[in-house]
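Here is a short tour of one model, written for someone who likes to know the cut-offs behind each term. Please keep the structure open as you read.

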Amino acid sequence: MTWKNFTRDEFGCKCGCGTNKIKDAAIDLAQSVRDEVGFPMPITSGYRCDKHPIERAKMRPGTHSKGIAFDVGVSGGKARLVTAALLRRSVGGVGVKQKGSIAGRFVHGDVSTERTGLFWTY
């Protein structure tokens, strides 16, 4: 499958292992939001292997390790628009981190079927 603004490689594990088990549904969600907002959404995290530092620190596997989540590096007004677009869709969860340095700010989206409509901040 191909997407207008994303490649599967963008969603691969960033720990250096090169593993990529992202599900099409996660990329479909990212593309749908990108189509709505009309601006680039850099993928800062997609699939995470079990050796990824963030996943290793968790007590149980998260949505990234299941290949059903992504984070996009956006801040300010763009973060608000991405968050609103995600909340208008049937998603598992939306998380927003807008504290700290601009480089570390992001919005999380996932297509979990184990939960729906979950919203949180970091």
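## Ground rules

Helices (H or I, at least four residues) and strands (E, at least two) are DSSP runs, numbered from the N terminus. This is a predicted model, where local features need pLDDT of at least 70 and side-chain atom pairs count only at pLDDT 80 or more, while totals for chains, interfaces and linings use all residues. Residues are numbered from 1 along each chain as its sequence is written, and side-chain values use heavy atoms, with hydrogens and water left out.

## Helix α1

Let's begin with α1, which covers residues 24–37. The expected span of a helix is 1.5 Å times one less than its number of residues. For the 14 residues of α1 that gives 20 Å, and the end C-alpha atoms are 20 Å apart, so the two agree. Glycine 38 follows α1 and has a positive phi, near 80°.

Which residues of α1 are buried? They are Ala26, Ile27, Leu29, Ala30, Gln31, Val33, Arg34 and Val37, where buried means under 20% relative accessible area, exposed over 50%, and partly exposed in between (1.4 Å probe, protein chains only). An α-helix has 3.6 residues a turn, so residues three or four places apart point the same way. The buried residues of α1 pack against β2, α3 (76–87) and β4, with contact meaning heavy atoms within 4.5 Å.

Strand β4 (residues 106–110) is mostly covered, with five of its five residues buried. On one side these are Phe106, His108 and Asp110, and on the other Val107 and Gly109.

Two strands pair if DSSP finds at least two bridges between them. Strand β2 (residues 69–72) runs antiparallel to β4 and is joined to it by four bridges; here valine 72 stands opposite valine 107. Strand β3 (residues 93–97) also pairs with β4 in the antiparallel sense, over five bridges, and glycine 93 stands opposite aspartate 110.

## Aromatic rings

Rings of Phe, Tyr and Trp (its six-membered ring) pair if their centres lie within 6.5 Å; planes under 30 degrees apart count as stacked, over 60 as edge-to-face and the rest as tilted. The count comes to four aromatic pairs. In one of them, phenylalanine 6 and phenylalanine 11 have ring centres 5.7 Å apart and planes at 65°, so the pair is edge-to-face. Phenylalanine 6 is buried at 5% relative accessibility, and phenylalanine 11 is buried at 0%. Phe6, Phe11 and Phe70 form one aromatic cluster.
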